[in-house]
Structure formats: structure tokens, C-alpha cells
Amino acid sequence: MKILCLHGRGSNNEIFQTQTAALRSILDDFTFDFVQGTELHTEGNWSVYTTQFSNLPQYAYYNPLVPSSVQDAELHLLDLIQAEGGYDGVLGYSGGAAFAAQVMARHSRQGHSEPLFRFAIFINGGTPLKVFSLSEEETVEVSVDTAAALDKELRDTYLRPSNLRVRKGDNRADAEAAIASRKKEMDAVTMGQLADGRPFLADGEVGVTRYFGQIDGALIDVPTLHIRCPSEEDPNLGLNLLNFCEPVLTKEHYHQFGHDFPRGLDEMRKMAEAIRELAESA
């Protein structure tokens with residue numbers, strides 16, 4: 001059983017390998033391939049894994065402030081999957097889960113008769129992003145409230161204190177250059193609103209917004225396992241991704257670690273059992 005592994009935003013392969021070590025040792029008849037992001041991430045994350053277990057640079061798979069980079073990342077991963085001969089399943093955590101769902105949706109929209117993966121495991125999955133051509137979507141004038149809410153979200157994400165300091169161990173010049181670049185990108189990106197009410201960011205001819213199952217439908221129609229914290233209040237950290245998948249093919253496993261990666265041997269055994277059941281059902 002060959003599994004593609006995609007780490008969370010602000011992480012790297014070393015961190016994700018540490019997070020999944022116990023899980024992979026239980027599923028020792030599975031093969032796990034890790035693909036690392038290339039978009040430098042400067043934030044000093046709160047997770048125990050990212051603050052204590054890796055001195056290597058952290059990455060994301062794309063930069064939402066440059067919508068075309070999201071599209072490029074999806075196409076690059078599709079090429080990589082094809083070059084590797086395909087995978088049985090995908091395991092994604094947080095932003096990596098969102099990225100996996102985006103690529104699956106793109107593959108489906110391209111009209112392929114076979115799914116990209118036979119099954120998917122999403123751990124604390126983020127809401128996938130939808131990239132689109134501005135000429136192909138109906139837009140309306142962005143409302144004052146929508147623009148204000150989107151601007152606040154961007155500032156809370158990219159300009160909060162933890163995102164404006166250089167992480168211990170990072171190259172200061174590179175990190176400061178990345179921070180300066182983010183500020184320029186925030187000034188350059190434009191805001192808009194789709195006719196269905198969703199806000200979007202645009203950089204010329206390409207826009208990016210969030211997928212929503214209630215609007216876009218269930219675009220993932222293979223068996224999926226959603227490992228998430230039931231007390232998580234932000235729907236963009238699990239629930240929206242669940243609603244993006246075919247309901248009759250979804251299974252859930254709950255944990256109590258918030259948005260952090262689940263831990264503890266007993267928890268890993270339960271997750272491994274759920275993953276094996278999912279793979280065997282696909």
C-alpha cells in the first residue's frame with residue numbers, strides 16, 4: 001500500500017516524519033512517501049513538533065497571496081504523482097490535507113475516469129482552496145464588510161507577532177526578506193467577491209477562494225477518513241473539508257488534541273486501525 005504524505009503549513013518532511021513515526025511503525029506493511037513544500041514559511045509555530053524537534057527551514061506548498069502559485073503547486077504535484085507511478089492513498093495534515101483535496105478536485109475536474117487516489121486520510125484538514133480564472137466566474141462588487149473581514153483574516157494570519165519574528169535557527173537575512181516579501185504581496189493582491197458571496201484574492205487573471213461543499217458539491221468521491229477534534233470551533237480546521245467529501249464514503253475518528261497532531265501510542269493504534277479499515281474498504 002503506497003501512501004503520499006503531505007505535511008502541514010509551516011512544517012517540513014522531518015517534522016511530519018516525527019509526527020507520524022509511531023503511526024507508520026504500526027502500519028509497517030505500508031509505504032510512505034513524503035513530499036515537502038517549497039514556499040518558505042517564517043512563522044514560529046506553537047506546535048510542540050515545530051518548536052522543539054526541527055532546526056530545518058519550514059515550508060508551505062503555496063502562497064495564497066499569490067493565487068497563481070496555488071495553481072502552479074497543484075499542477076506540479078499532479079506531475080510528480082504521475083512520475084512516481086501513482087499512489088493508493090494520501091495522508092495529509094492540516095494545510096497538507098487541504099492541498100491533497102485541492103489536487104484531487106483538480107484531477108476530477110479534468111475529466112479523468114479513474115480517481116487520483118483510492119482513499120484519503122485527512123488529519124485536522126484545512127479547507128481546500130479553489131483556483132479560478134477571473135474571466136470564468138461571475139463576480140460582484142466586494143462589500144465593505146466582506147473586504148474588512150478578509151483584510152482582518154490576512155493581517156491575523158501574516159502580520160501577527162509570531163509571523164514577524166525570525167525563528168531561532170533560521171537564517172536572519174532570508175527570513176527578514178521573506179517577511180518583507182509577504183508585506184509587499186499583501187499590498188499587491190486585490191480583493192473581490194463572487195456572486196455566491198465568497199470573498200477571493202486575485203493577482204491579475206487568477207483568483208483564489210475557499211471551496212465549500214454546500215456550494216461546490218462533494219467533489220471528492222472516494223473513501224475518506226477525517227481525523228479531527230470535535231471541539232474545534234473553526235470550521236476551516238476540519239468540518240468544511242468533511243462537507244467537501246461524498247457523505248456515504250466518509251468516516252470520522254475523533255481526538256482531543258485541538259489542531260495539534262494527535263499523539264500517544266494508544267491514540268496511534270486507534271488511528272492505524274481506522275486507516276487500515278479505510279484502505280481495505282477502498
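Biologist: Which residues do ring pairs link into a cluster with Phe 16?

Modeller: In this predicted model, ring pairs join Phe 16, Phe 34, Tyr 93 and Phe 261 into a cluster. The count of aromatic pairs comes to nine.

Biologist: What makes the pair of Phe 16 and Phe 34 edge-to-face?

Modeller: The ring centres are 5.7 Å apart, and a pair requires centres within 6.5 Å. The planes stand at 80 degrees, and angles over 60 count as edge-to-face, so the pair is given that name. Phe 16 belongs to helix H1 and Phe 34 to strand E2, so the pair ties together parts that are 18 residues apart in sequence. Both Phe 16 and Phe 34 are buried.

Biologist: Why is the pair of Phe 16 and Tyr 93 called stacked?

Modeller: The planes of Phe 16 and Tyr 93 form an angle of 20 degrees, and planes under 30 degrees apart count as stacked. The distance from centre to centre is 6.4 Å, and the limit for a pair is 6.5 Å. Tyr 93 lies in strand E5, 77 residues from Phe 16, and both residues are buried.

Biologist: How do you know that Cys 5 is in no disulfide?

Modeller: A search of the whole structure finds zero disulfides. For Cys 5, the nearest cysteine sulfur is that of Cys 245, 18 Å away, whereas a disulfide needs two sulfur atoms within 2.5 Å. Cys 229 is likewise in no disulfide, the nearest cysteine sulfur being that of Cys 245 at 19 Å.

Biologist: Why does Cys 5 count as buried?

Modeller: The relative accessibility of Cys 5 is 0%, and buried means under 20%, so Cys 5 counts as buried. Cys 229, at 5%, is buried by that cut-off.

Biologist: What makes the contact between Arg 182 and Glu 39 a salt bridge?

Modeller: The closest N and O atoms of Arg 182 and Glu 39 are 3.0 Å apart, and the rule asks for a distance within 4 Å. The structure holds 15 salt bridges.

Biologist: Which salt bridge does Lys 130 form with Asp 216, and where do the two residues lie?

Modeller: The closest N and O atoms of Lys 130 and Asp 216 are 3.2 Å apart. Lys 130 lies in strand E7 and Asp 216 in helix H8, so parts that are 86 residues apart in sequence are tied together. Lys 130, at 14%, is buried, and Asp 216, at 18%, also counts as buried.

Biologist: How do you know that the span of helix H5 agrees with its number of residues?

Modeller: At 1.5 Å a residue, the 15 residues of H5 should span 21 Å, and the end C-alpha atoms are 21 Å apart, so the two values agree.

Biologist: Why is H5 described as mostly covered?

Modeller: Twelve of the 15 residues of H5 are buried, among them Phe 99, Met 104 and His 107. The elements that cover the buried residues of H5 include E1, H4, E5 and helix H9.

Note on methods: Residues are numbered from 1 along each chain as its sequence is written. This is a predicted model: local features need pLDDT of at least 70, side-chain atom pairs count only at pLDDT 80 or more; totals for chains, interfaces and linings use all residues. Side-chain values use heavy atoms; hydrogens and water are left out. Buried means under 20% relative accessible area, exposed over 50%, partly exposed in between (1.4 Å probe, protein chains only). Rings of Phe, Tyr and Trp (its six-membered ring) pair if their centres lie within 6.5 Å; planes under 30 degrees apart count as stacked, over 60 as edge-to-face and the rest as tilted. Helices (H or I, at least four residues) and strands (E, at least two) are DSSP runs, numbered from the N terminus. The expected span of a helix is 1.5 Å times one less than its number of residues. Contact means heavy atoms within 4.5 Å. A salt bridge is a side-chain nitrogen of Lys or Arg within 4 Å of a carboxyl oxygen of Asp or Glu.
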